[in-house]
Amino acid sequence: MRGIAIKMLFGDTAKFYGILLGLSFATLLIAQQASIFVGLMSRTYALIEETPQADLWVTDPTLQFVDDTKPMQVTALQRVRSVDGVEWAVPLFKGLLVAKLPTGARQICDVIGVDDASLIGVPARMVKGDVSVLRKPDTIIIETRGARSRLAQPVSLANPDGPKRPIDIGEELELNERRAVIGGIAETKPTFQNVPTIYTTYSRAIGFAPANRRTLSMILVKVSPGQSVTEVRDRIMRETELAVYTPKDFAWTTIEYWMKQTGIPINFGIAIVLGFLVGVAIAGQMFYNFTLDNLKYFGAMKAMGATTPRLLGLVALQGAVAGVLGLGLGLGVTAVVGLSIPGDKLAFKMTWQIPVISAGAVVFIVVASSLLSMRRVVKLDPSEVFQG
Amino acid sequence: MSEVANSIVCRQVFKTFGTGDSMVRALRGVDLEVRYGEMMALVGPSGCGKTTLISILAGLLTRDEGDLAVLGTDPSALSNHERTVWRGQNVGFIFQQFNLIPQVSILENVAVPLLLRRHPKKDALARAAHLLEEVGLKGRESTRPTKLSGGQQQRVAIARALVTGPRLLVCDEPTSALDGATGQKIMGLIRELTTASEHVVIVVTHDERIYHFADRIAHLDDGQVTHISTPAEALAESAQRAGDAARRH
């Protein structure tokens, strides 16, 4: 009988495709918007992920998120280093500076200055050159997306608006009227602000930056072996009165800032809710109508000896098949669209929770419409089959 | 006549729908006996209670009052679930509008009552194929109902009604959607397939052209069986009424 129930579903082509389209579209909207939201949010803490060596991040107490740099006094570094349980602590500069390109154009760049001695904070995946190149004078490392897009140079200087090529090793920029030579190109995770990121040494970075009494953006801390990260964190906070985060806490603090202080979650939330409503409106309505259309056959089956639970089982099976197909199709299209668009154009990150949430939404739509349909089946009077 | 020989016995069966101002007394003390091996036609004007009566006899509705025995059981005394199971085991239905599932083949349509009773699919389809052969549709098993004529669809419905081997066959206006010649063939087929002495067939109809297939005809009016006649008597009464009406005009 299960086969017949499924054939009934597939056989009503118009309604079946309507149900499938509704569920797929709902899944697509929910999963895609959620994936883009997660992708965008994950970009807000890309710097933290690019610096896995640090157990703790020390910042000014008023800092709200990673890019909200509030420079500290340089002496903060020594105070942190003196805390028991700190194996090492290195400075990090982070700031937005204007770069003058070879064509004369100007481009805002995110400049990261890493510890001169250890170079901790330089991206691990070098595409061209080596991190040690930063030990040469005036040298910087740029990342691939910036090299290909905003820092790209015209193929012909005679035609600055013509075709462009990626900027390459050996070419020069000006940062705050100081020469900077590209010595390496690295692959990094996309950032939320999507401006080119430039890596250099801490001392060189503060040289590029406008003169400021406070230049220390953050301090990266490694906890001594055998020491508890949380205990050392509490100790640094207590002894320096600075803010100290584990990488996970820092990432969440950043996400919470964007969630609470911007309209991003509301915008995505509205899109997700709309997707859900589309699913309810189209698929739910179609499935309900499909059951109504088949009510006379269910009535005949009831007359012929089908128990109500048996009929409900058939309706549930039809709902489940439609749900699984709609969910699968929707997630498949979401994944294909997400993976086919380059990462620098679309922030897309489908974590395992997203298919689960989408499945939950589809289950809700299918169960709700099935329950409405089932209500009609339960209330169905088999004697109605004699009434034409 | 002994009640043992009767497949159906109704004594003062009442049925009311609704309450208060909207109350409708559908049956007002129906008395009826139908023998095993008999085809009984129920005739009467619209709203006289025919459909209510067959619904009660088939266990689709319950009576309010009276005594009822259908194939030795009072279906109205059973629980909902028991009555559903009883119907599946004892009653076959032929509907006015066939009620064949359009999305599946006629073979699967015929097998539905067996599949609902969780018969193995292979056996159910084999039995359905046998019944389709009996109603003259061998070779059309994989056809969808919508590809068949009305008469062929009703043949499928007959096969479906008989596939479980029911002792009571309930036919609701089985020829109303068919032309005269096809209706005769369909009734002939029903008669032919239910000749065994353990069968009983109840046919609700307005179609005088099929009266002669019935053994007896029960005339209902205003929720009561007014009298029982032979088909010839029923046709004569009908002719008499038509004549009276013509003279009045």
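1. Confidence along chain B. Within chain B, confidence is lowest in helix 6 (residues 180-193) of chain B, with a mean of 78, and highest in strand 8 (residues 216-221) of chain B, at 92. The scale is pLDDT, the predictor's confidence in each residue, from 0 to 100. Over chain B the mean pLDDT is 86, and 97% of the residues reach 70 or more. For the complex, the predictor gives an ipTM of 0.82 and a pTM of 0.71.

2. Basis of the note. This is a predicted model, in which local features need pLDDT of at least 70, side-chain atom pairs count only at pLDDT 80 or more, and totals for chains, interfaces and linings use all residues. Residues are numbered from 1 along each chain as its sequence is written, while chains are lettered from A and ligands numbered from 1 in the order in which they are written. Helices (H or I, at least four residues) and strands (E, at least two) are DSSP runs, numbered from the N terminus.

3. The interface between the chains. The contact involves 21 residues of chain A and 25 residues of chain B; two residues are in contact if their C-beta atoms, placed from the backbone, lie within 7 Å. On the side of chain A that touches chain B, helix 1 (2-11) and helix 10 (295-303) of chain A each supply at least two residues. Helix 10 of chain A gives the largest share of that side, 5 residues. By class, the side of chain A that touches chain B has 12 nonpolar, 5 polar and 4 charged residues. Here Ala, Val, Leu, Ile, Met, Phe, Trp, Tyr, Cys and Pro count as nonpolar, Asp, Glu, Lys and Arg as charged, and the others, Gly among them, as polar.

4. The domains of chain A. Chain A is assigned domain 1 (2-43 + 263-387) and domain 2 (56-245), with bounds that come from an automatic or database domain assignment. The centres of domain 1 and domain 2 of chain A, taken over C-alpha atoms, are separated by 48 Å. To the contact, domain 1 of chain A gives 5 residues and domain 2 of chain A gives 5 residues. The side of domain 1 of chain A that touches domain 2 of chain A has 2 nonpolar, 1 polar and 2 charged residues.

5. The mixed sheet of chain B. In chain B, 6 strands form an open sheet in the order 5-6-7-3-8-9, with mixed pairing; two strands pair if DSSP finds at least two bridges between them. Strand 5 (91-94) and strand 9 (224-229) of chain B stand at the edges with a single partner strand each, so one side of each is left without a neighbour in the sheet. Neighbouring strands of this sheet are turned by 20 degrees against each other on average, direction ignored. Strand 3 (residues 39-43) and strand 7 (residues 200-204) of chain B pair in the parallel sense over 4 bridges, and Met40(B) has Ile202(B) in strand 7 of chain B as its bridge partner. Helix 1 (residues 50-57) of chain B lies across strand 3, strand 6, strand 7 and strand 8 of chain B, and runs at about 155 degrees to strand 7 of chain B. Axes are lines fitted to C-alpha atoms, for helices over the stretch in contact, and angles run from 0 to 180 degrees between N-to-C directions.

6. The antiparallel sheet of chain B. Another open sheet of chain B has 3 strands in the order 2-1-4, with antiparallel pairing. Strand 2 (24-35) and strand 4 (65-70) of chain B are at its edges. Strand 1 (residues 6-17) and strand 4 of chain B pair in the antiparallel sense over 5 bridges. Ile8(B) stands opposite Val70(B) in strand 4 of chain B.

7. Two residues with positive phi. Most residues other than glycine have a negative phi. Glu177(A), in the loop between strand 8 (172-175) and strand 9 (178-187) of chain A, has a phi near 65 degrees. Glu173(B), in the loop between strand 6 (168-172) and helix 6 of chain B, has a positive phi of about 45 degrees. Glu177(A) is exposed, with 8 other C-beta atoms within 10 Å, whereas Glu173(B) is buried, with 20. A residue is buried if 20 or more other C-beta atoms lie within 10 Å of its own, exposed if 12 or fewer, and partly exposed in between, with C-beta atoms placed from the backbone.

8. Thr197(A). Thr197(A) lies in strand 10 (residues 197-201) of chain A and counts as buried, with 25 C-beta neighbours inside 10 Å. Leaving aside neighbours within four places in sequence, its contacts include Cys109(A), Asp110(A) and Glu143(A).
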